[in-house]
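Let's take a friendly look at the disulfides of a protein chain. Have the sequence and the 3D view ready.

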Amino acid sequence: MKVLIAMVAAGTMMLSAPPEQPSGETFIDKDKTKGIVLVHSKVIVSGNGARGGKSDGYVLKRPCWYEPGADASDMLKTQESLRAYWFRFTKNPTEEKFQAFLKQFQDKIGKEGRWWGPAYDASDPKGQACFSALDPFVFVPPGTTPPSGITLQELAEIARAALTVPEPTVKLNPDAKSYVNLPTWVWLDGIGETRRSVTAAIPGIMSVTVTATLEDVKIDPGTTKDRAEVHEEGCGAAGKPYVKGGTFACGVRYLRSSIDQPREQYTLTVTTVWPVTVEGNVVPFQFAPVQLDTTRDVPVGEIQSNVTPPAGG
């Protein structure tokens, strides 16, 4: 069942059929960092990067905007079909007032262009107030964009805000506990696809795809340089799994015990780095990489040497 959206501006009630996409569509799993919540928007977000991961909390530069909608003829038909709702939502409605209301749409018949309407990102606390300050409908000539009208760059930002990457598990060897001067190998499990894409599109009008590709990991041992040596030269995109007899090139060598640390352990952090590109160079704009932190507690002990005194000593 379709729900009608009522909008009021400058004392005039205007009604519109809802966008094809439900208002309030969220493009981040509910238990993850907030991504983007589109309201009254025709933007369709798709791609393997839009679901199943975690957002880095990218915030749109502007939380509301105008989007292109119906042409003059279709808009007039829509408003005429909503007659019953106009009388229901308008204070002291009369036929004369309704015909005066329709005139603004009738006046555009035969003119080239289309009506644009506002949308916003509800994940931004400023989104609804920004939306309320926009006119409910703006008629725009072909080939032009109204002030605050959505652009390719802003569509790319929507795709970037909806972009998620996997939250992997940090694997260690030794696993349960490490020891002073013993190499602690570090790698990641559960990365899945290392290329994540999101396409944001207003069907038939504009479309932008952004892609994040896992390129590197960074290791923070959770302590200072005098207590730990970090080795990242062989980490690659997802660390280096332990191999018996292999060369240690990705991980941490702790130089001091963690006995004096909070909870008697270090908190190691592995950051996955996903550079972001805009496909086809349709937008001359660079995004910062997606960087996602995953932590792991590492207790580090001293290796005890037991010396047996010689007989008779």
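## Before we start

This is a predicted model, where local features need pLDDT of at least 70, side-chain atom pairs count only at pLDDT 80 or more, and totals for chains, interfaces and linings use all residues. Residues are numbered from 1 along each chain as its sequence is written, and side-chain values use heavy atoms, with hydrogens and water left out.

## The overall pattern

You will find two disulfides here; a disulfide is a pair of cysteine sulfur atoms within 2.5 Å. Counting the bonded cysteines along the chain, the pattern is 1-2, 3-4.

## Cysteine 64 and cysteine 130

In this pair, the S to S distance is 1.8 Å. The torsion about the S-S bond of cysteine 64 and cysteine 130 is about -55°, so this disulfide is left-handed. It links distant parts of the chain, 66 residues apart: cysteine 64 sits in strand 6 (residues 64-71) and cysteine 130 in helix 4 (residues 127-132). Helices (H or I, at least four residues) and strands (E, at least two) are DSSP runs, numbered from the N terminus.

Cysteine 64 is buried, with a relative accessible area of 2%, while cysteine 130 is partly exposed at 21%. Buried means under 20% relative accessible area, exposed over 50%, and partly exposed in between (1.4 Å probe, protein chains only).

## Cysteine 235 and cysteine 250

The sulfur atoms of cysteine 235 and cysteine 250 lie 2.0 Å apart in their disulfide. This link is right-handed, with 100° about the S-S bond. Cysteine 235 and cysteine 250 are 15 residues apart, both in the loop between strand 15 (228-231) and strand 16 (251-254). Both cysteine 235 and cysteine 250 are buried.
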